[in-house]
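Open the model in a viewer and keep the selection panel at hand.

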Amino acid sequence: MTQLKASLLAGTAFAVALTGAVAAQDVPREDTVIFDIDRTIRDPENFNPFTPGVKRQHGAHQTMWEPLFILNYESGEIEPWLATSFESNDAQDEWTVTLRDGVTWSDGETFDADDVIFSINMALENEGLSEREPATIRAQVASVEKVDDLTVTFSLNSSNPRFILENFANRIFGSFLIMPEHVWSEAGDPATFAFNPPIGTGPYTMTSMATNRAIWDRNDDWWGAASGFMDLPEPMRVIFLESGGEENRAQLLVSNQMDAAQAVTLGTFEAMGFQNPNVIAWFNDLPYAWPDPCARQMEFNTTVAPWDNAEMRRAVAMLIDRNQIVNVAYEGTTQPSRTMFVQYGAMDPFIDAVDSAGHAFSASADVEAAQALIEGMGYTMGSDGIYELNGEELTANIHVNSASSEYTRTIDVIVEQLNRAGVNARAVPVENSVFWGEVLPLGGYEMSYSWLSCGSVNEPWASMNRYTNASVAPIGERAPGFNNTGRWDTDATAAYTAIVQDMGTMAVGDPAIPAMVAEAHGYLSAEVPFVPLVQAAKLLPFNTTYWTGWPTAENNYNHPAFWWGSAHQIIHNLEKAE
Amino acid sequence: MGGIPSSYIVNRLITLVLTVWIAATLIWIIPRLSPVDPAEVMLGRMAAGGAFVEGSDLILEQLRERFGLNEPRWVQYLLYLRSIITFDFGLSAASFPTPVSSLIAQALPWTIGLMLLSVIITFIIGNALGAFMVWERTPRVWKVVIPSLMIFTAIPPILSGLLLMYVFAVQLRALPLTGAYGLTVEPGWTMEFALSVVEHGTLPALSIILVTFGFWTLGMRGLMITVQGEDYVNLAKAKGLKPRYILYKYMVRNAILPQVTAFALKIGLLVSGQILVERIFSYNGMGKLLYDAILDQDFAVIQGVSFIIILMTAISVFIVDLIYPLIDPRIRQATERTA
């Protein structure tokens, strides 16, 4: 009772919780850039990035905390930021990172190797730090040592050519963040430490936080400008504002009360453009949208008849018209997938290699060839237009997460395509938590809609490694890391695994890799444990009324995901509109 | 207590405790009927975010340990009962390690402020309109206008919210689009903050009032029709009492009792907020807290919010049960006879 009373008092007093915050002074709108957040900041007083919640994407890791490196999705390069370089030993189980000289925290303390060592050891020693990044560090790192004030060496549990990419380069969403030793060493239990007020090395400091918005003001003493690393970013103030949904974000952009919004549908984007011609997206014309890293696909449970037969799975792959999915389910805002990979510039060499080897998937259907395959398995077309074998209809139940119309609409199109071709297909919508908590990891499906190839954005191994036979679990047991949930485990899987495991030991960028990708993908294309469908569309509207320099396909200094840690680059590229 | 027998109060108190206990048990059981536990949900969320989840089995085990899911079910239940008595609903899974009680405490004042105001205004306007629809002295034009206002009851609050938003926030730019207070206004006991809260609360409150007053109007109209033909009303008229006096003292006072019960239930339910209205206006009250918790499968928050709703409803009904005998002498007499 006492606790609730205290909490109620705190809540009723509104301001009590924010007494540490500096009052937000007025900054002109033309000096302020306003980004959208799609979640409520439930715990605005907590800045512990190693625990779940909206504790980073409200501007903290876009403005205040800086990464060691940032991966460029277009070039595939890992660009230096707080660190200047990295190198490994020949076995690639020891990595040395050199930090940039002259970096300071916003309170004036020096950022150096001690902060890195402390942060890594904190992750290694505290299992309560449950977010993905500290968990990955625990799984991969054996120890870390200081060489000098600007050099640290990581000893890994096993060889990993992608160590920097996976942990420190903002590959997807964020990366492991280095925390100030002089603050966190006094913190007690790091799993419950709120880190409030927070400090970082970035060009902005926290001014005010509430459940629906975060205000960050420029620190004109930022180390980067002082050391000549980079000019101060132009916006004096950065605000992350919870818009409240697609309708609101549209109105906010149209009325110039917001500069960058979370994803919208095509109809909303076109309506916005009609009312405010300054609203732009990644492409000037259809598909407009930037592809999200997780391309969409349909998994087969390869242990369930008749989908345990590779010929039947190939038939289904051939029955699917990806162009129709793009046009009907996505209204033209995406592109058909040619391979298992996301189609970024950095992935082109691998996709092209698969294509050249003849292993890419066609964007259109080949119904005749597919039906020939089905009939080759002994099926005959019944009077109702559905294939039968021994009096049993050919059926296909496709599990789909019911949380988004994007998913269900895609499966509706596929169900229609399969039904027309003689497969009695039906969608099985499943609630989100059951889908991710049970259906996928335990293999409780015949077919399912997902994006479990997700991982690769500039090199092929991360995605390909998810389908090796090292990850095969019996049905009913949890597939490790959500890998190979369809339990693909044949001779082809073994051959595929051997190539992928070899690839896994090679340096990122090794010229031999594209040919290996093509060969390995040949096994996937032949046995089809999953069908690549389309790229995932993120139609992100930007407003050029106050700010220009937004990332686009033409101005592609990096991708446009402004809620990721890489958004430092976006903010530094913004220029005041004329 | 004002002539109410103590046995009546004890009976009602026992009913209150039983209701809360049964409801609390149900909200503990229902999430556990799901084949997945909160730890699996959190792991699934990581996987849905993209890429491989390194060390997933270890993460799962640590999460289960932290949420006490490795304990036997009966131990979990007893721990749950003990914690809700102290209003300790545990830690939020989606905003770990924030206590659920602090999330509720943050959201509750906003919802109570918005909903209490809306419900009281709606109750007064709705019942007044309902009474005037039946009263024979109401001008004819109002008897046409009032029923046609009922069209608003058919509009979902989310749509009325969007409509009001479009007119007042986008076209006229008279009121703000989103949030509970201004973008750069610092919360505090200041006039600037208070005015900003009123300004930001106007559209959400209007969107609720507009679509809910009809509920009270139609209810009151039905009750007034019943009362209208009663002998005591005819007698009052025959005595030559003033029509307004008859309306307020004889008709409205008798007709309004069931409305008061409904009002009490609404008061209990108002802590749950108007989920969709709070969502579209980014108004971070209890409704939006519940909405986000359902999306996040944050069972601790769902249980905490549900418990507060149940508790408030049960207490409201309890209070009404105590007030009833004071308003209606017939109930008091029946209670005394039973006692």
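Start by selecting Leu247(B), which sits in helix α10 (residues 243-255) of chain B. Helices (H or I, at least four residues) and strands (E, at least two) are DSSP runs, numbered from the N terminus. This is a predicted model, in which local features need pLDDT of at least 70 and side-chain atom pairs count only at pLDDT 80 or more, while totals for chains, interfaces and linings use all residues. Residues are numbered from 1 along each chain as its sequence is written, with chains lettered from A and ligands numbered from 1 in the order in which they are written.

**Around Leu247(B)**

Is Leu247(B) buried or exposed? Leu247(B) counts as buried because it has 20 C-beta neighbours inside 10 Å. The cut-offs are 20 or more other C-beta atoms within 10 Å of a residue's own for buried, 12 or fewer for exposed, and partly exposed in between, with C-beta atoms placed from the backbone. Show Ala131(B), Trp135(B) and Val252(B) next: Leu247(B) touches these, not counting residues up to four places away in sequence. Contact here requires C-beta atoms, placed from the backbone, within 7 Å. For a distance label, pick Glu230(B): its C-alpha atom is 13 Å from that of Leu247(B), and the two are 17 residues apart along the chain.

**Chain B as a whole**

Of its 339 residues, 44% count as buried. Among contacts in chain B with a separation of 6 or more, 70% are between residues 24 or more positions apart.

Now select helices α5 (residues 100-134) and α8 (residues 191-228) of chain B. Their axes are 6 Å apart and the packing angle is about 35 degrees. Axes are lines fitted to C-alpha atoms, for helices over the stretch in contact, and angles run from 0 to 180 degrees between N-to-C directions. The α5(B)/α8(B) crossing is right-handed; that is, the near helix is turned clockwise from the far one by less than a right angle, anticlockwise being left-handed. Their contact has 20 nonpolar, 12 polar and one charged residues. In these classes Ala, Val, Leu, Ile, Met, Phe, Trp, Tyr, Cys and Pro are nonpolar, Asp, Glu, Lys and Arg charged, and the others, Gly among them, polar.

**Between the chains**

Display both chains: 60 residues of chain B are in contact with 66 residues of chain A. On the chain B side, the helices that each supply at least two residues include α2 (38-48), α3 (56-66) and α5. By class, that side divides into 31 nonpolar, 21 polar and eight charged residues.

**Sheets of chain A**

Move to chain A and find the open four-strand sheet, ordered β4-β5-β7-β6 with antiparallel pairing. Strands pair if DSSP finds at least two bridges between them. β4 (83-88) and β6 (141-148) stand at the edges with a single partner strand each, so one side of each has no neighbour in the sheet. The twist averages 20 degrees from one strand to the next. Five bridges join β4(A) to β5 (residues 94-99), and Ser85(A) has Thr98(A) as its bridge partner.

Next, select strands β8 (residues 204-210) and β9 (residues 213-218) of chain A, an antiparallel pair with six bridges. Two residues form the hairpin link between them. Met206(A) is the bridge partner of Trp216(A). In β8(A), seven of seven residues are buried.

**The nonpolar core**

Finish with the largest nonpolar core, where Phe69(A), Ile398(A), Leu539(A) and Val305(B) touch the most other members out of 253 residues. Such a core is a set of buried Ala, Val, Leu, Ile, Met, Phe, Trp, Tyr and Cys residues joined through C-beta atoms within 7 Å. Helix α5(B) gives the largest share of this core, 15 residues. Centre on Leu539(A): beyond four places in sequence, its contacts include Ala263(A), Phe269(A), Tyr288(A) and Thr333(A).

Conventions:
Contact = placed C-beta atoms within 7 Å.
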